[in-house]
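Subject: Structure handover

Hello,

Please read the two side by side.

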Amino acid sequence: MYLADIYGKQTCVKAGIVPEDLVWRNPAYRPEMAGVAVPHGVYVHIAGVDIVRIDADDFYVLEDNARTPSGVSSLLGGREICFRLMADLYGAHKVAPVDNYPDELVSTLRSVAPRGTTDNPTVAMLTPGQFNSAYYEHSFLADKMGVELVEGRDLFVRDACVYKRTTEGPKKVDVLYRRVDDDFIDPLAFRPDSMLGVPGLFGAYAAGNVTLANAVGTGAADDKAIYTYMPEIVKFFLSEEPILKNVPTWRCRDPKDLSYVLDHLPELVVKEVHGSGGYGMLVGPQSSKMEIEDFRARLKASPETYIAQPTLALSTCPSFVNSGVAPRHVDLRPFVLTGANGMKIVPGGLTRVAMREGSLVVNSSQGGGTKDTWVVEL
Amino acid sequence: MLSRTADNLFWLSRYVERADYLARILETTSRLSVLPAAYAGDSNEWTRALATAGCLNAFLAIYEKPTAETVTEFLAFSEQNPSSIRRCLETARFNARAVRTALTQETWETINGAWLDLQKMDERDMVTNRISRFTEWVKDVALRIDGSGYRTMLRNDAYWFLRLGFFTERADNTARILDVKYHILLPESSAVGGGLDYSQWTAILRSVNALTAYRWVYRESLKPWLIADLLILNEELPRSLASCYKNIVECLDSLAGAYGRQGKAQRQARTIRTSFENSVIDQVFQTGLHEFLTSFIADNNRVGAAIIEQYL
């Protein structure tokens with residue numbers, strides 16, 4: 001709703017819920033999307049919501065991922081491996097199955113095919129290719145979904161429709177589950193030097209002849225600056241209190257917050273607004289004096305690009321490490337699918353583990369691990 | 001299916017087949033090279049191995065003299081030789097990875113496993129001491145890739161493109177090995193007779209895995225024209241030209257059936273197959289074995305090109 005609004009009537013900006021510059025000057029905001037009617041009104045078909053637990057009762061949303069959240073292959077693969085190793089445990093505990101995720105995903109994608117396409121829409125998955133670090137996940141998912149895994153060079157656009165080059169000649173593609181970032185999907189619309197995209201793809205999309213999942217420009221809803229406004233945004237659109245709370249966050253763009261943050265740097269976690277993957281962040285309690293001073297200088301230079309949060313007492317989970325079984329911090333990322341017929345979620349999620357003792361950084365790019373996650377029938 | 005996928009599958013199997021063939025050449029050559037000169041002849045067996053592999057000039061651009069060590073290194077491991085066994089398996093794995101979804105898990109794991117094994121090998125040690133173990137390993141990898149595809153893949157276009165690659169490359173390899181050694185198969189040269197030719201004939205049969213097959217088919221001692229008959233016209237031998245074309249025609253027909261359309265590739269392949277069916281080996285020798293093989297290699301290339309043009 002928020003995305004439809006900022007690319008449409010812009011009521012929440014006009015009502016002063018979100019500051020204008022955070023929307024219009026957000027690098028992930030795509031002016032090209034303004035006024036584009038996305039098929040079935042769905043922007044974020046696949047969302048990964050990072051959730052942490054800080055005490056017995058409280059779960060917080062740590063972060064939203066509305067661009068191209070990854071990790072679902074670890075969810076499925078982890079279950080498969082654990083099931084092989086400890087099959088008896090699964091029988092004894094009635095663990096809800098997650099292996100229908102690829103089916104749910106493909107039916108979600110089919111449900112959002114542009115209106116007017118056949119009863120049997122063609123879904124394809126667009127990958128940057130085998131040099132991408134997530135290529136394994138792309139091929140794994142495409143395989144399980146039974147859809148073609150395509151690269152930019154396998155597609156072309158004619159008369160504002162997308163076709164794939166096949167052994168039987170061109171075949172029309174209706175839904176593209178793309179794992180290529182906005183910047184690279186179409187050299188004519190976005191970065192001209194992109195070799196990964198399909199020239200004219202955005203034109204076909206704007207013309208309503210192909211569905212892109214997720215939509216273009218969804219990043220405008222998941223960066224860490226917008227995150228701080230999420231509770232207000234939810235209240236504005238739904239007139240309800242959000243069930244899952246946000247982590248209390250200081251916006252460094254606000255002078256009052258900034259001075260608090262600068263005074264309390266050693267206790268806080270400071271993150272770049274547009275960062276991801278655990279890069280460019282400061283974990284106060286675990287940083288040296290020099291690192292903190294270095295960050296202080298960066299904060300002062302461009303406060304609007306940072307937010308700060310209290311260092312949370314993330315819950316831990318017993319983990320098997322070199323020294324034996326020991327507690328390690330975890331967070332949980334369930335995957336939420338949104339199609340034309342509502343939302344679906346498989347009973348499970350990706351549990352990410354910070355493998356280093358005491359570490360709070362769970363990102364796989366920083367050496368994080370994963371765990372199989374059970375939803376148990378009691 | 002995507003043209004790129006078909007292209008990758010076709011070349012994936014061609015490279016696997018080529019690696020297998022190179023392993024056989026290395027094996028037979030090292031066997032010949034240790035024979036006394038009276039049996040092996042005075043010409044350099046290692047030079048001939050390079051000619052059979054079709055890369056003598058590429059070799060001479062890098063090395064001075066073909067010796068057991070340099071040729072083995074060049075054919076088995078060299079990074080500078082785009083068709084060394086190592087590079088073949090690497091390219092096959094690269095192609096397989098690009099079309100991971102078109103392969104079954106079993107086939108992919110076989111290819112990837114071979115590639116991982118290759119990373120761990122001590123090349124120096126292999127070249128000097130244990131080349132036979134290496135060639136055994138390569139042949140085993142090819143068997144497992146072929147077999148896992150045969151046992152696990154759906155019988156659809158992906159499977160047929162994979163098969164087409166195997167048979168197109170195999171036909172090319174068999175024709176080449178015959179062509180490099182055609183002079184010792186000519187009837188008049190058998191007058192030279194003796195142990196020398198016998199070991200050369202055995203080597204040809206070994207390199208296409210047909211020494212035992214020969215005895216079962218003809219039940220007599222090695223005769224050069226029968227060897228040619230077996231390798232060219234006998235449909236029962238999996239590496240004969242006739243058998244390769246029987247299979248190529250079948251794969252192309254399956255594709256045409258699935259896609260509902262025939263094309264140039266089907267017509268050309270069928271013409272070649274018919275010509276094998278109507279030939280006897282005496283005729284082949286009358287036209288000239290070398291001329292026959294040269295024109296076959298060209299025809300086979302044309303079929304490959306027609307497949308690429310039509311589908312890839």
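Strand β8 of chain A (residues 175-178) pairs with β9(A) in the parallel sense, over three bridges. Strands here are DSSP runs of E of at least two residues, helices are runs of H or I of at least four residues, and both are numbered from the N terminus. Two strands count as paired if DSSP finds at least two bridges between them. Within this pair, A:Tyr177 stands opposite A:Ala213 of β9(A).

Before the rest, the ground rules. This is a predicted model, in which local features need pLDDT of at least 70 and side-chain atom pairs count only at pLDDT 80 or more, while totals for chains, interfaces and linings use all residues. Residues are numbered from 1 along each chain as its sequence is written, chains are lettered from A and ligands numbered from 1 in the order in which they are written, and side-chain values use heavy atoms, with hydrogens and water left out.

Sheets in chain A

The pair above belongs to an open sheet of four strands, ordered β4-β3-β8-β9 in chain A, with parallel pairing. Its edge strands, each pairing on one side only, are β4 (148-150) and β9 (211-213) of chain A. From one strand to the next the twist averages 30°; axes are lines fitted to C-alpha atoms (for helices, over the stretch in contact), and angles run from 0 to 180 degrees between N-to-C directions.

An open sheet of three strands, β5-β6-β7 in chain A, has antiparallel pairing. Here the edges are β5 (155-158) and β7 (169-172) of chain A, each of which pairs on one side only. The twist in this sheet averages 40° from one strand to the next. Strand β6 (residues 161-166) of chain A is joined to β7(A) by four bridges in the antiparallel sense, and A:Lys164 stands opposite A:Lys171 in β7(A).

Strand β14 (residues 306-310) of chain A is mostly covered, with four of its five residues buried. Buried means under 20% relative accessible area, exposed means over 50%, and partly exposed is in between (1.4 Å probe, protein chains only). β14(A) runs antiparallel to strand β11 (residues 250-251) of chain A, with two bridges, and antiparallel to strand β12 (residues 268-272) of chain A, with five bridges. A:Ala308 in β14(A) has A:Trp250 opposite it, and A:Val270 also stands opposite A:Ala308.

Strand β19 and two arginines

Strand β19 (residues 350-353) of chain A is covered on both faces: A:Leu350 and A:Arg352 are buried on one side, A:Thr351 and A:Val353 on the other. β19(A) pairs antiparallel with strand β20 (residues 369-371) of chain A over three bridges, where A:Thr351 stands opposite A:Lys371. Strand β16 (residues 324-333) of chain A also runs antiparallel to β19(A), joined by four bridges.

A:Arg333 lies in β16 of chain A, and its bridge partner in β19(A) is A:Leu350. The two are 17 residues apart in sequence and 4.9 Å apart in space, C-alpha to C-alpha. A:Arg333 counts as buried because its relative accessibility is 8%. Leaving aside neighbours within four places in sequence, its contacts (heavy atoms within 4.5 Å) include A:Asp50, A:Asn65 and A:Arg352.

A:Arg30 sits in the loop between α3 (20-24) and β1 (46-53) of chain A. At 12% relative accessible area, A:Arg30 is buried too. Among the residues that A:Arg30 touches, not counting those up to four places away in sequence, are A:Asp182, A:Asp183 and A:Phe190.

Where the chains meet

The contact between the chains takes 17 residues from chain A and 19 residues from chain B. Chain A and chain B bury about 1,600 Å² between them, 45% of it on carbon and sulfur atoms; buried area is the accessible area (1.4 Å probe) that two parts lose on being put together, summed over both. A:Gln130, A:Thr167 and A:Glu168 supply 41% of the area that chain A buries against chain B, more than any other three residues.

Two salt bridges are counted between chain A and chain B, a salt bridge being a side-chain nitrogen of Lys or Arg within 4 Å of a carboxyl oxygen of Asp or Glu. A:Asp154 and B:Arg4 meet in a salt bridge through their side chains, at 2.4 Å from N to O.

Regards
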